[in-house]
Amino acid sequence: MQPQTLRSRSRVQDEDRRRGGSFARVIFLVWPFGSLAFTAYHLRSSWAKNIVWLFVIFFGLTFVISNPKIDANRYNDKLQEMGDHDYTFQTLGHQLYRDTEYVDVLQPLLTFVVSRFTSDYRVLFAAFGLIFGYFYSRNIWYLIDRTSGRFKWYGVTLLIIFTVINGFWNINGFRFWTAAHIFVFGVLHYLETGKAKHLFLTILTVFVHFSFFFPVLVFLLYLAGGNRKHLYFYFFLLTFTFSEASLTQVREYLSFLPSIFEAKVSNYTSDVYEQVLNERKSLLNWYVQYYGAALRYVVLVWLAWIYFQGGAFIREHALAGKLFSFVLLLYALSNLGSLIPSGNRFIVLSNLFAVALIFWYYHSNRQPGWINRIAVLSMPALALYFLISVRIGLDMMGVQMLVGNPVTAIFFRDETPLVDWIR
């Protein structure tokens, strides 16, 4: 009788989940932003990640280009250029890897396909959202699906931070930030399953953004060297003390790369490029300049705690042990890479892996004590990081994203970002 009762309850639960999924999809068609709130209460449902995926596509359809200096403008300009009837697939093919205009494949190919149908940049960004959103949502639920029971308060905080480290508004810089989520997806799955297809996907990120030759090499180095947490941990600590290096030396170190990358490397390591970035940085408020450091030092404290106090956690969970060693190695080398202009983006990539590890550690720990003290003390830094991250995203969000739906978004275009409404 008892097994029958359990089966009946299971059928009822499955039916409730199906109804919840259908209801969520209806809400999305009417009010996509509202469907996110509904999904927040059903994170363990199988359909939840698809609602987030759909929302990222919808966000692309409502994307606001308000600043002429953001990457989105260049994507829009290229879409208009490719829409010219004289621009053919053969033209695109000649530009790939030949005149070094393109050393990344996905974005120009996607832009060319969209240009055959429309010159509306919002359609292009919806296409960006289709790809970015898939890996974004899958990475979030990779964390969720590997926990059980009720979420702890700090676990929810870490999950929220994970969603904004490389938030959906980063389709503005589609190439690098999409490559980042694909890389995280491939590495996490490969560490868990060892399947070659996930390693292949990880390597393919080089064709999404050329700079991913760096994290790919780091991952291959990790696979060759294995788990060496002691060596990697002290290397990780050491790199926190590095503050400057000669760009001339950096360019020499990168001279081994194939010639197709030469122009890109020269651009990203040039003194002129460094000066431009420094000028932009000088215009930012202090909290925008240092919000990344706030998260960085929270991660430092947690990784040190796991190293000294998390031995049981690492021994009990094979994936955690692998991920811990890889995080330490990637973070250490990313600290060095941050000495190059724009190289600090690899710190963001490292933070994705680190926060994932900390999230699992916190949820797996059964002895609160100092764990909760660290959690409470880290909250101001995490709050600052969250607020500034969202503030950056507001420059690309419009009213349509909040109150519109797929139908209204097609007929009404946002020209004013949300940040202008709240200033």
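This is a predicted model: local features need pLDDT of at least 70, side-chain atom pairs count only at pLDDT 80 or more; totals for chains, interfaces and linings use all residues.

Visitor: Fine. How many helices and strands does the chain have?
Guide: The count is 23 helices and zero strands.

Visitor: And what share of the residues is buried?
Guide: Of the 423 residues in the chain, 51% are buried.

Visitor: What about contacts, how much comes from residues 24 or more positions apart?
Guide: Taking contacts with a separation of 6 or more, 76% are between residues 24 or more positions apart.

Visitor: Let's do the second largest pocket. How much space lies in it?
Guide: The second largest pocket holds about 770 Å³. It is lined by 28 residues, and those closest to its centre are Leu 36, Tyr 136, Ile 160, Thr 163 and Phe 168.

Visitor: Which helices supply at least two residues of that lining?
Guide: There are these: helix 2 (32–40), helix 3 (48–61), helix 7 (121–145), helix 8 (153–165), helix 20 (370–394) and helix 21 (399–403).

Visitor: How do the lining residues divide into nonpolar, polar and charged?
Guide: The lining of the second largest pocket has 26 nonpolar residues, two polar and no charged.

Visitor: Phe 168 came up there. Which residues does Phe 59 touch, apart from those up to four places away in sequence?
Guide: Phe 59 touches Phe 168, as well as Trp 169, Ile 171, Met 396, Met 397 and Met 401. Phe 59 and Phe 168 are 109 residues apart along the chain, with their C-alpha atoms separated by 8.1 Å.

Visitor: Where is Phe 59 placed, and is it buried or exposed?
Guide: Phe 59 is in helix 3. It counts as buried because its relative accessibility is 0%, against a cut-off of under 20%.

Visitor: Switching to helix packing. At what angle do helix 9 and helix 11 cross?
Guide: The axes of helix 9 (residues 174–193) and helix 11 (residues 213–225) cross at roughly 10° and come within 12 Å. The two helices are therefore roughly parallel, since angles under 35 degrees count that way.

Visitor: Which residues make the contact?
Guide: On helix 9 they are Phe 183, Val 187, Tyr 190 and Leu 191. Helix 11 contributes Pro 215, Val 216, Phe 219, Tyr 222 and Leu 223. By class, the contact of helix 9 with helix 11 has nine nonpolar residues, no polar and no charged.

Visitor: Stay on helix 9. Is Leu 188 buried or exposed?
Guide: Leu 188, which is found in helix 9, has 1% relative accessibility and so counts as buried.

Visitor: What does Leu 188 touch, leaving out residues up to four places away in sequence?
Guide: Leu 188 touches Tyr 142, Leu 319, Leu 323, Phe 353 and Trp 360. As for Leu 143, it is 45 residues from Leu 188 in sequence and 10.0 Å away in space, C-alpha to C-alpha.

Visitor: And Trp 177, where does it lie?
Guide: Trp 177 also belongs to helix 9. Trp 177 is buried, because its relative accessible area is 15% and the cut-off is under 20%.

Visitor: Which residues is Trp 177 in contact with, leaving aside neighbours within four places?
Guide: Its partners are Phe 132, Asn 166, Asn 170, Arg 345 and Val 348. Trp 177 and Asn 166 are eleven residues apart in sequence, and their C-alpha atoms are 6.9 Å apart in space.

Visitor: Asn 170 is on that list. Where does Asn 170 lie?
Guide: Asn 170 lies in the loop between helix 8 and helix 9. At 15% relative accessibility, Asn 170 counts as buried. With neighbours within four places in sequence left aside, Asn 170 is in contact with Phe 132, Ile 165 and Trp 177.

Visitor: Last one: how accessible is Val 156?
Guide: Val 156, found in helix 8, has a relative accessible area of 36% and is therefore partly exposed. The C-alpha atoms of Val 156 and Phe 359 are separated by 8.7 Å, and the two residues are 203 apart along the chain.

Terms used:
Residues are numbered from 1 along each chain as its sequence is written. Side-chain values use heavy atoms; hydrogens and water are left out. On a 1 Å grid over the protein atoms alone, a cavity is a set of points where a 1.4 Å probe fits but cannot get out, and a pocket is an open set with protein on both sides within 12 Å along at least five of seven lines; lining residues have an atom within 4 Å of a point. Grid points are joined across faces, edges and corners, and a volume is the space filled by probe spheres set on the points. Helices (H or I, at least four residues) and strands (E, at least two) are DSSP runs, numbered from the N terminus. Ala, Val, Leu, Ile, Met, Phe, Trp, Tyr, Cys and Pro count as nonpolar, Asp, Glu, Lys and Arg as charged, and the others, Gly among them, as polar. Axes are lines fitted to C-alpha atoms, for helices over the stretch in contact, and angles run from 0 to 180 degrees between N-to-C directions. Angles under 35 degrees count as roughly parallel, over 145 as roughly antiparallel, 65 to 115 as roughly perpendicular and the rest as oblique. Contact means heavy atoms within 4.5 Å. Buried means under 20% relative accessible area, exposed over 50%, partly exposed in between (1.4 Å probe, protein chains only).
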